[in-house]
Amino acid sequence: MIEQNLGVLSNIRGDLDGAFVRYRAALAAFETADDREGMSWVLNNIGMLHTDMERYDEARESLNRGLAIATDRGDVKMQGLCLLNLAECYISEGRLDDAEGPCRRALALALQRGDALRRAGALKFLGVIDRERGRYAQAGERYRTALQLARESEDTLLEAEILREIGTLHLQQHHASEARWNWEQSAGLFRSIDASIDAAAVESQLELLSDAAAPAPILERGGGA
């Protein structure tokens, strides 16, 4: 448990290699203890880490293994988590059709359990799928509900992630000022929990947005560029 929690901290802070070492040690210990519940937790975390590192085959293998254990144990909460992270893996690959099924299954489980946090996560990913398919109004509605649920659950990381996605939605609709506001809020929340990689990624988007908005230099007639 300690190794796993240290891995989570390393992951949030951007030390992906350190997180991988911690997770592997945790998995080995859980396997030695024949603690299948613990194994499902760590496999889920390893799957997320592989997705962050763009190792999608390894991510799906770990997540599906964790999902199988959770299903066998009747652990509905863990099933929902593995399904959400499987959906994220598919979205990261651009495989939206494959992502939608796990999203909807995770949403159904969250509604069944009355799990507001997992419901928010599923709505966030369904919003991404809608947005990338050009269904902007539907995506916006999903994001608004997800954001409210995340705030009510006081989950800063999820709130920051949803604000980031809302910013992207606004940018795709050519609402640059709204995108900037959402990304500034998102980056601030990521920084507040020391999620350095996510914060830096959003700040890079803000820099690109500023560069795009900057006026072109005025050249004197006859001058060279």
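Reader: What makes this a pocket rather than a cavity, and how much space lies in the largest pocket?

Author: This is a predicted model, and its largest pocket holds about 1,500 Å³ of space. A cavity is a space where the probe fits but cannot get out, while a pocket is open, so this one counts as open.

Reader: Which residues lie nearest the centre of the largest pocket?

Author: Of the 42 residues that line the largest pocket, Met48, Asn85, Glu88, Leu157 and Glu161 lie nearest its centre. Helices H1 (2-12), H2 (16-32), H3, H5 (76-92), H7 (116-132), H9 (156-172) and H11 (196-213) each give two or more residues to that lining. H5 gives the largest share, with 8 residues.

Reader: What makes the contact of H3 with H4?

Author: On the H3 side, the residues include Arg36, Met39, Leu43, Ile46 and Met48. On the H4 side, they include Tyr56, Ala59, Leu63, Ile69 and Arg73. By class, this contact has 8 nonpolar, 7 polar and 6 charged residues.

Reader: Why does H1 get the roughly antiparallel label with H2?

Author: Run the check again. The axes of H1 and H2 come within 8 Å and cross at roughly 165°. That value is over the 145 cut-off, so H1 is roughly antiparallel to H2. Their crossing is left-handed. H1 brings Glu3, Gln4, Leu6, Gly7, Val8, Ser10 and Asn11, and H2 brings Leu16, Gly18, Ala19, Arg22, Tyr23, Ala25 and Ala26. That contact has 7 nonpolar, 5 polar and 2 charged residues; Glu3 and Arg22 are of charged types.

Reader: Why are H7 and H8 roughly antiparallel to each other?

Author: The axes of H7 and H8 (residues 136-152) come within 8 Å and cross at roughly 160°. With the cut-off at 145, H7 and H8 are therefore roughly antiparallel. The crossing of H7 and H8 is left-handed. Among the residues in contact are Leu123, Leu126 and Val128 of H7 and Tyr136, Tyr143 and Leu149 of H8. The residues of this contact divide into 11 nonpolar, 3 polar and 5 charged.

Reader: How many helices and strands are there in the protein chain?

Author: The count is 11 helices and 0 strands. Read along the sequence, the chain's pattern is α-α-α-α-α-α-α-α-α-α-α. Its C-alpha trace spans about 75 × 35 × 30 Å along the principal axes.

Conventions
Residues numbered from 1 in each chain as written. Predicted model: local features only at pLDDT ≥ 70, side-chain atom pairs only at ≥ 80, totals over all residues. Heavy atoms only, no water. Contact = heavy atoms within 4.5 Å. Helix = DSSP H or I, 4+ residues; strand = E, 2+ residues; numbered from the N terminus. 1 Å grid on protein atoms, 1.4 Å probe; cavity = no way out; pocket = protein on both sides within 12 Å on 5 of 7 lines; lining within 4 Å. Points joined across faces, edges and corners; volume = space filled by probe spheres on them. Axes fitted to C-alpha atoms, helices over the stretch in contact; angles between N-to-C directions. Parallel < 35°, antiparallel > 145°, perpendicular 65-115°, else oblique. Left-handed = near helix turned anticlockwise from the far one by under 90°.
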